[in-house]
Amino acid sequence: MKTLILYSSRDGQTKKIAYFIAQQLQQISPQKEVVIEKLEQKSAVDFQNISCVIIGASIRYGHFESKLYAFIQRYAAQLNQIPSAFFSVNLTARKAGKDSPETNVYTRKLLQKISWQPTYKAVFAGALYYPRYNFFDRIMIQFIMRLTGGETDTSKEIEYTDWGKVKEFAELIDGRKKNSGNLSSSQSS
């Protein structure tokens, strides 16, 4: 049996978090087989040998990728039959009170809209990679950051991800940490 981690990442931070979770799961349980794939490249899933599915997705301009919704709609029944996890990654989560599945508006709306009920849920702050963005994204993200009191210096790259919180989420999924299934900032150090 294996754990399948699927990610949808625009600038690479969600992918980086997915690989970190895989590394943590393999350190916790070295015998565990973990497979990581890009969600947009996954056309079909055979749930026969999968014991857990973890899906991570980023948000850009307030939206998840449409392929995330299509995947969840297609496989909701199978996802609801096995342990599963969902994590979202966005810059809004850099702010206290916006970093849990209940308080992050984008994640809360997604979870209310879909029929899949992940066993475990989390929200992680992403990264700001101004120099890597194309002109349009750089200007738009700078504008949004100005409105929300964030970093506006376009020469900077800032990683807001709390790796301790990501590690706790992996421990929660593996069963080493017990709680309600949601990871919020009050549960992390």
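**Overall make-up**

Helices (H or I, at least four residues) and strands (E, at least two) are DSSP runs, numbered from the N terminus. According to UniProt, in an unreviewed entry, residues 4-155 carry the annotation "domain: Flavodoxin"; such positions are given in the numbering used here, feature names are shortened, and annotations may be inferred rather than shown by experiment.

Some ground rules. This is a predicted model, where local features need pLDDT of at least 70 and side-chain atom pairs count only at pLDDT 80 or more, while totals for chains, interfaces and linings use all residues. Residues are numbered from 1 along each chain as its sequence is written, and side-chain values use heavy atoms, with hydrogens and water left out.

**Strand 3**

How many of the nine residues of strand 3 are buried? Eight are, so strand 3 is largely enclosed by the rest of the structure. Buried means under 20% relative accessible area, exposed over 50%, and partly exposed in between (1.4 Å probe, protein chains only).

Strand 3 pairs in the parallel sense with strand 1 (residues 2-8) over seven bridges, where pairing requires that DSSP finds at least two bridges between two strands. Leucine 6 stands opposite isoleucine 55 in strand 3. Strand 3 also pairs in the parallel sense with strand 4, over six bridges, and valine 53 stands opposite serine 84 in strand 4.

**Aromatic rings**

Rings of Phe, Tyr and Trp (its six-membered ring) pair if their centres lie within 6.5 Å; planes under 30 degrees apart count as stacked, over 60 as edge-to-face and the rest as tilted. By this rule there are 11 aromatic pairs. One of them joins phenylalanine 47 and tyrosine 75: the centres are 5.4 Å apart and the planes at 50°, so the pair is tilted. Phenylalanine 47 lies in the loop between strand 2 (33-38) and strand 3 (50-58) and tyrosine 75 in helix 2 (residues 66-79), so the contact ties together parts 28 residues apart in sequence. Phenylalanine 47 and tyrosine 75 are both buried.

For phenylalanine 86 and tryptophan 116, the ring centres are 6.1 Å apart and the planes at 85°, so this pair is edge-to-face. Phenylalanine 86 sits in strand 4 (residues 84-90) and tryptophan 116 in the loop between helix 3 (105-113) and strand 5 (120-125), 30 residues apart. Both phenylalanine 86 and tryptophan 116 are buried.
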